[in-house]
Amino acid sequence: MSMDRELYLKALVLYFLTWIAAADQPHTITFKSARTFRSSVVFPVDGNVYPKGYYHVTMNVGQPPRPYFLDIDTGSDLTWLQCDAPCTKCTPAPHSLYKPKQNLITCVDPMCVSLHGPGNHHCQSPEEQCDYEIDYADHGSSLGVLVKDLFPLRFTNGTIFAPKLAFGCGYNQEVQDTAHLPYTDGVLGLGLGNSSILAQLRNMGLIRNVVGHCLSRQGGGFLFFGDDFLPNSGIIWTPLLSQSKYYSVGPADLQIAGQATNIKGLPIVFDSGSTYTYFSSQAYNTLVSLIKRNLNGKQLKDAVEDKSLPVCWKGAKPFKSVLDAANHFKPLALSFTNAKNVQLHLPPESYLVVTEEGNVCLGILNGGEVGLKNLNLIGALQGRGSLTTISLFVYLFINSMDRRGDFDLHNDAAIDGTLRDICPARFRF
């Protein structure tokens with residue numbers, strides 16, 4: 001790496017650290033001026049990024065502001081907090097339950113109509129509350145009502161603004177495998193729908209419709225809204241599928257060690273709310289066979305006694321880290337067929353997990369066993385690693401609704417390129 005590049009990266013990281021700690025003499029803006037205001041917001045990411053794949057951001061809500069830990073989920077739209085409405089079924093949470101204060105959204109509110117869709121939206125009266133119910137792929141769920149409250153945000157230009165945003169007040173939650181999950185206060189929904197926090201901030205003119213996050217094997221990272229600090233060149237782009245309700249760039253072919261396989265045309269979706277990556281049953285079974293066939297050396301044996309994940313191996317001695325085991329495996333890559341020369345590289349350290357027993361397991365699971373059918377989902381655990389794997393977990397999404405004549409980026413999603421320089425692992429991002 002050149003000296004200029006090294007200095008650039010250090011300066012960029014110093015900028016983030018300085019901004020997160022404080023901004024000198026911040027100023028506030030009014031809602032009226034927000035219509036012509038655009039900047040970015042950066043949130044530190046905390047939690048057990050590696051090896052568990054659980055992580056969250058902290059957002060302040062209300063007046064006075066109270067902190068809440070939220071799971072990051074690009075696979076759903078609605079943000080929700082566990083709520084004392086009262087709560088009929090809530091999990092233990094790191095903070096006290098959110099208490100609504102006469103801030104319910106009514107059934108006829110445009111946000112309620114957007115959430116339910118025109119064909120599924122019926123109101124008995126104009127003053128009726130707006131109910132919601134969300135079901136997740138892991139069979140978890142949240143039931144509650146929509147509310148609005150202030151979200152104080154510090155933008156990267158030093159401005160402080162507290163927009164009033166819609167979110168769910170969840171009073172009945174189902175969470176799977178609660179004995180092993182670190183508890184949070186709710187979910188930060190960053191999907192493509194108008195009810196997402198991202199879309200609301202965009203519609204207020206506060207940010208461009210861009211979201212990304214970086215995770216590190218050392219722990220931590222950051223989530224960002226907006227495009228203030230992204231490079232103007234050197235990024236490889238590929239279009240999002242306009243008809244998809246998910247962050248999808250279309251089908252991809254799987255390669256192993258740079259060689260084509262018979263796993264082709266996989267519909268790919270990016271979902272930061274899923275810990276693991278899931279392939280459809282046929283693709284998964286073929287992948288497992290290919291990985292076993294391409295193992296380097298004979299030192300690894302099946303660890304059938306380790307139930308941490310479905311497919312595990314043990315070495316001559318326990319592995320201390322993924323890097324210790326990585327040299328036994330071949331790199332994978334997803335080559336997107338809708339775009340020329342766009343690949344998502346998966347080195348072994350991005351798809352392997354080392355268990356407490358010191359075995360190494362495949363962090364790609366069978367989506368057919370959890371009801372995903374033919375969907376192939378790139379999850380969060382593949383989103384942690386070193387500088388060479390950063391492109392896997394920097395998601396940059398730009399919606400067609402945000403196209404402007406003065407906006408020099410296209411209706412695309414970043415898959416690879418110099419975005420990896422935004423959060424290098426050597427600086428613990």
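Colleague: Let me start with a detail: are Cys112 and Cys130 buried or exposed?

Modeller: Good place to begin! This is a predicted model, and in it both Cys112 and Cys130 are buried. The two form a disulfide, with their sulfur atoms 2.1 Å apart.

Colleague: Which hand does the link of Cys112 and Cys130 have?

Modeller: The link is right-handed, with 90 degrees about the S-S bond. Cys112 sits in helix H3 and Cys130 in the loop between H3 and S5, so the pair ties together parts that are 18 residues apart in sequence.

Colleague: How many disulfides does the structure hold?

Modeller: Five. Another one is formed by Cys107 and Cys123, whose sulfur atoms are 2.0 Å apart. That link is left-handed, at -90 degrees about the S-S bond. Cys107 is in the loop between strand S4 (80–82) and helix H3 (110–116), while Cys123 is in the loop between H3 and strand S5 (131–135), so this pair connects parts 16 residues apart in sequence.

Colleague: Now for the whole protein. How many helices and strands does it have?

Modeller: It has eight helices and 27 strands. Of its 429 residues, 53% are buried. As for contacts with a separation of 6 or more, 68% are between residues 24 or more positions apart.

Colleague: How should I read a nonpolar core?

Modeller: The general idea is that in soluble globular proteins, nonpolar side chains tend to be buried together. In this structure the largest nonpolar core has 72 residues, and those with the most contacts inside it include Val57, Leu188 and Tyr351. Helix H5 (residues 281–293) gives the largest share of this core, six residues.

Colleague: What does Val57 touch, leaving out residues up to four places away in sequence?

Modeller: Its contacts include Phe43, Tyr68, Ile72, Leu188 and Leu223. Apart from this core lies another, of 12 residues, and Cys112 is among them, along with Trp80, Leu146 and Ala166. That brings us back to the cysteine we started with: Cys112, buried and in a disulfide with Cys130.

Definitions and conventions
Residues are numbered from 1 along each chain as its sequence is written. This is a predicted model: local features need pLDDT of at least 70, side-chain atom pairs count only at pLDDT 80 or more; totals for chains, interfaces and linings use all residues. Side-chain values use heavy atoms; hydrogens and water are left out. Helices (H or I, at least four residues) and strands (E, at least two) are DSSP runs, numbered from the N terminus. Buried means under 20% relative accessible area, exposed over 50%, partly exposed in between (1.4 Å probe, protein chains only). Contact means heavy atoms within 4.5 Å. A nonpolar core is a set of buried Ala, Val, Leu, Ile, Met, Phe, Trp, Tyr and Cys residues joined through side-chain atoms within 4.5 Å. A disulfide is a pair of cysteine sulfur atoms within 2.5 Å.
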